[in-house]
Amino acid sequence: MKDTKVIELEEVAIRFSGDSGDGMQLTGTLFSDATALFGNDISTFPDYPSEIRAPQGTVGGVSGFQVQFGHKEINTPGDDAHVLIAMNPAAVKANARFIRPGGTIIYDVDSFNQKNLDKAKFTTTDPFAELKLEDFVKIPVPITSLTRESLKDFGMDNKSILRSKNMFALGLICWMFGRPMDYIENFISTKFAKKPMVVESNLKVLHAGYNYGMNMQHMTPRYWVDAAAIEKGTYRNINGNQATAWGFLAAAEKAGLELFLGSYPITPATDVLTTLAARRDLGVKTFQAEDEIAGICTALGAAFAGNLAVTNTSGPGLALKSEAIGLAVMAELPLVVVNVQRGGPSTGLPTKTEQSDLLQALYGRNGESPVVVLAASTPSDCFYYAYLACKIALERMVPVILLTDGFLGNGSEPWRIPAMAELPEIKPRIAKDSSKFKAYRRDVETLAREWAFPGMDGFQHRIGGLEKNQEGTVSHDPENHQVNCEIREAKVQKVVEMLPELEVFGETDGGDVLVVSWGGTYGHTVSAVREMRKEGKNVSLAHFNFIKPLPANTREVFSKFKTIVVCELNLGQFAAYLRDQVPGFEYRQVNKLKGLPFTVSELKENVEKLLED
Amino acid sequence: MMTDLAYTIKDFKSENEVRWCPGCGDYAIMNAVQKTMADMNVPHEKFAVISGIGCSSRFPYYMSTFGFHSIHGRAAAIASGVKSANPDLNVWVITGDGDSMAIGGNHFIHLVRRNIDLNVILFNNKIYGLTKGQYSPTTDRGFVTKTSPFGTIEDSFIPGQLVLGSGGTFFARAVDSNVKHNQQVFAEAAKHKGTSMVEVLQNCVIFNDGIHEQIADPKHRAERQLFLEHGKPMIFGQENEKGLVLENGRLKVVTIGENGVSEADILVHDATETDLSIHMQLIRMTLPDFPIAMGVIRSVEAPIYDQELTKQIETVSAKRKVNNMDELLRSGNTWEVNEPNSSEPVPFFQKKCPIIQS
């Protein structure tokens with residue numbers, strides 16, 4: 001299994017950086033103290049210029065403050081920062097080398113004017129490109145103008161107003177990292193007790209920054225997954241949403257088809273759309289629809305017309321797409337739906353991760369409506385499972401739902417870049433012989449029908465949501481309906497022939513405890529199992545990427561273990577599914593529903609408790 | 001000039017038995033569509049007919065073209081995907097007042113707004129037929145149906161008004177029984193580049209029989225319908241004696257020869273006028289003060305979504321820095337790993353996910 005290490009937020013390093021007059025030291029200190037009081041261990045590293053007032057706006061005048069914090073014991077302030085807060089261009093320049101590859105840069109976009117670019121000695125108008133920071137997550141925030149706006153009724157002079165900018169940044173960071181602000185508020189109230197105006201204005205701006213973060217739903221990857229780079233090759237950082245988008249692109253190229261994405265913006269899935277929208281250069285057709293329903297319906301139309309059609313969404317959007325997925329099932333068109341899961345139900349926790357859409361993906365439609373369900377397990381393998389989802393859809397003429405989640409979508413990791421030649425062939429079932437073509441004539445082995453689309457002379461036919469006979473004629477015949485329902489289910493089950501068997505990490509011949517997990521929890525479950533094994537415990541892992549159909553050897557694997565414990569970020573959906581599909585075992589459960597990934601320590605604690613029983 | 005394909009109406013009929021009620025207005029509309037397609041000289045395989053749900057939406061099954069009978073309200077969205085995926089196709093959308101004014105209202109206005117090159121035929125019978133007689137968004141206020149036993153308390157949509165409000169480039173109106181006029185209008189719709197919206201006043205013989213009778217009755221046709229033609233004066237009446245003039249910005253019916261009105265005073269129809277006001281007034285004309293405007297009311301030019309999409313792809317591709325996936329994957333920040341202890345790479349699909357090759 002993949003050698004992956006999950007670094008949880010327990011070790012996130014943030015670097016505050018600006019002019020020495022921008023109050024970065026105070027900002028960093030306040031954030032650190034608030035964090036320490038919140039119960040995190042911290043380690044900080046102030047880094048400021050020797051001159052108290054070096055020339056404003058220059059690289060030499062940049063003052064920085066780095067803090068690393070986490071649940072575990074933190075011994076260093078972190079080598080490189082995950083997040084840089086830059087109040088001006090000089091701060092970016094001075095700190096570029098201290099940011100982790102793929103990290104996040106939050107910057108005061110108001111200060112990125114020609115004057116400041118010149119002062120920091122940038123030679124182009126794009127400082128990020130100049131510093132080769134293209135692949136970093138960049139969040140432009142109009143800190144100066146929003147600070148000014150929130151203090152417009154205070155009758156303060158410009159200089160005093162600008163002095164409060166740091167509070168805006170601090171409020172924003174508090175939102176992003178879920179820090180309570182009461183400590184900071186108390187500090188400000190006490191320190192400036194004699195200057196009520198200062199207290200009031202600073203608190204106003206602090207809250208303005210916090211609310212801005214909340215309104216914009218700004219978030220940074222809060223978790224980091226590090227793969228040990230042990231294979232030779234060219235590497236890059238990639239997040240799950242980008243990997244998913246690129247997996248679709250790779251599949252389209254391999255299959256020789258145009259790629260069409262019908263989509264509606266939704267957190268945390270939107271970056272699949274933005275990534276593909278940027279690829280007009282490779283002929284990608286992204287269609288930003290009027291709603292989730294139109295997102296999938298345009299995709300389905302594109303599938304009917306012969307494109308590789310995909311749609312992306314998150315939980316509530318999947319609910320809206322249900323009816324159209326049913327149509328894809330009935331019409332037997334190739335369609336891939338990626339659901340970047342988030343906390344539910346309803347609007348739930350849009351920016352948080354969860355695995356609670358599993359049963360929706362499996363069953364959330366009217367009628368007997370089977371689809372293939374896959375789940376990616378790390379940010380980078382979203383690429384391969386997106387690719388595989390397309391391969392299955394195109395070769396088996398079946399809709400495929402790919403489950404990722406907010407943790408995978410926003411999380412990133414180093415990834416060995418594959419060559420296209422490494423990827424398996426994709427052979428869409430495009431009809432060739434019009435004399436033999438019937439809309440629902442099937443391959444006897446795979447039960448897949450053939451794909452013929454408008455423009456192909458001699459293949460004119462009608463499909464739709466009504467039940468059909470083999471010729472494609474509407475049929476209300478009772479026998480025909482029963483047979484077709486069984487065929488559509490069997491067709492999905494036969495996809496198992498394309499899939500690898502379930503692997504066991506640990507005791508491959510069987511043992512005491514088998515941890516079962518699926519999808520985006522892989523990094524945490526494998527880390528927990530690895531640590532327990534190092535401690536001499538008889539614990540193994542079976543991680544599922546294939547939900548429907550389940551790997552062919554699932555029962556065989558389960559039968560070799562005394563205790564099976566299914567760990568998932570919901571109330572037991574996969575466990576329920578396994579009880580139904582692979583009965584005869586007692587499935588113990590570890591569940592978490594906090595909008596957060598598992599932590600390695602809580603997984604260990606729970607599994608060890610089972611071992612003691 | 002491509003060769004004459006010489007299709008006839010029969011080339012567009014499927015072998016499926018047509019199952020609309022006897023006397024349904026849909027038959028006449030379908031004949032007109034088939035005749036229009038036969039005359040278009042477009043290869044048969046390039047036609048795609050997309051529908052939603054409702055009586056009219058059974059349409060694709062009765063055509064010999066590619067067809068997709070989809071789900072309620074979504075034909076506009078599905079057809080948008082079809083046309084965007086392959087702009088070379090000739091795509092028709094068949095929908096009804098329930099399908100596109102109620103459940104599919106959102107897709108309807110956004111289709112029009114985007115101006116995707118589709119031909120939409122909206123069968124307006126002011127009733128839900130397939131579900132057996134409930135009022136629809138085009139049912140008149142006060143009308144008694146099964147779900148409004150005491151009369152509706154809602155105003156209806158005027159489809160043309162919605163089209164113009166959404167920035168529509170083409171709107172026409174016709175009556176189901178007037179096959180010849182239908183054909184003319186459909187031919188104009190097919191010619192128009194952009195979303196062509198044709199409202200056909202269609203009679204539901206079972207649940208709303210005669211709903212358009214006052215307008216449609218051939219006996220009163222000349223008096224009650226104004227057949228608009230671009231560049232021609234807006235004249236109607238048994239003796240072509242009536243016409244429309246503009247008075248203080250408002251349309252007004254006048255009689256030629258009375259009060260000093262001559263034919264030269266009659267307003268000339270300009271379907272290409274971008275300003276909405278006269279087109280909107282024409283669309284809103286109702287009996288008994290006005291005749292009902294028929295024919296192509298509006299046909300203006302505007303950027304077309306599917307063409308813009310193709311153009312954008314061509315423009316951006318021409319300047320691209322990456323030419324394929326291998327180049328894209330290696331673009332941006334990358335680094336090499338080649339340590340003495342690093343192993344040879346094994347492809348994912350051999351190691352982590354050894355899928356079986358077909």
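Reader: How far apart do the C-alpha centres of domain 2 of chain A and domain 3 of chain A lie?

Author: In this predicted model, chain A is divided into domain 1 (4-216), domain 2 (232-422) and domain 3 (511-612). The C-alpha centres of domain 2 and domain 3 of chain A are separated by 26 Å.

Reader: Which element gives the largest share of the side of domain 2 of chain A that touches domain 3 of chain A?

Author: The contact draws 23 residues from domain 2 of chain A and 21 residues from domain 3 of chain A. On the domain 2 side, the elements that give two or more residues are helix H14 (358-363), strand S14 (372-375), strand S15 (399-405) and helix H16 (406-410) of chain A. The largest share, 4 residues, comes from S14(A).

Reader: Is H5(A) roughly parallel or roughly perpendicular to H7(A)?

Author: Helix H5 (residues 143-150) and helix H7 (residues 165-176) of chain A pack with their axes 9 Å apart, at an angle of about 105°. Angles of 65 to 115 degrees fall in a single class, which makes H5(A), relative to H7(A), roughly perpendicular.

Reader: How many nonpolar residues has the contact of H5(A) with H7(A)?

Author: H5(A) contributes A:Ile143, A:Thr144, A:Leu146 and A:Thr147, while H7(A) contributes A:Lys165, A:Phe168 and A:Ala169. By class, 2 residues are polar and 1 is charged, and the number of nonpolar residues is 4.

Reader: Which element gives the most to the side of chain B that touches chain A?

Author: The contact between the chains takes 74 residues from chain A and 64 residues from chain B. Among the elements of chain B that give two or more residues are strand S2 (66-69), helix H2 (75-85) and helix H4 (105-114). With 8 residues, the element that gives the most is H2(B).

Reader: Which residue of S2(B) stands opposite A:Arg462?

Author: Strand S17 (residues 462-464) of chain A pairs with S2(B) in the parallel sense over 3 bridges. The residue of S2(B) opposite A:Arg462 is B:Gly67.

Reader: What is omega for the cis peptide bond that joins A:Thr267 and A:Pro268?

Author: Most residues other than glycine have a negative phi, and most peptide bonds are trans. A:Pro268 lies in the loop between strand S10 (259-263) and helix H11 (270-277) of chain A. The bond that joins A:Thr267 to A:Pro268 is cis, with omega about -5°.

Reader: Does B:Asn248 count as buried or exposed?

Author: B:Asn248, in the loop between strand S9 (242-247) and strand S10 (250-255) of chain B, has a positive phi of about 50° although it is not a glycine. A residue with 12 or fewer C-beta neighbours within 10 Å falls in one class. B:Asn248 has 5 inside 10 Å and therefore counts as exposed.

Technical notes. Residues numbered from 1 in each chain as written. Chains lettered and ligands numbered in written order. Predicted model: local features only at pLDDT ≥ 70, side-chain atom pairs only at ≥ 80, totals over all residues. Contact = placed C-beta atoms within 7 Å. Pairing = 2+ DSSP bridges. Domains from an automatic or database assignment. Axes fitted to C-alpha atoms, helices over the stretch in contact; angles between N-to-C directions. Parallel < 35°, antiparallel > 145°, perpendicular 65-115°, else oblique. Nonpolar A, V, L, I, M, F, W, Y, C, P; charged D, E, K, R; others polar. Buried ≥ 20, exposed ≤ 12 C-beta atoms within 10 Å, placed from the backbone.
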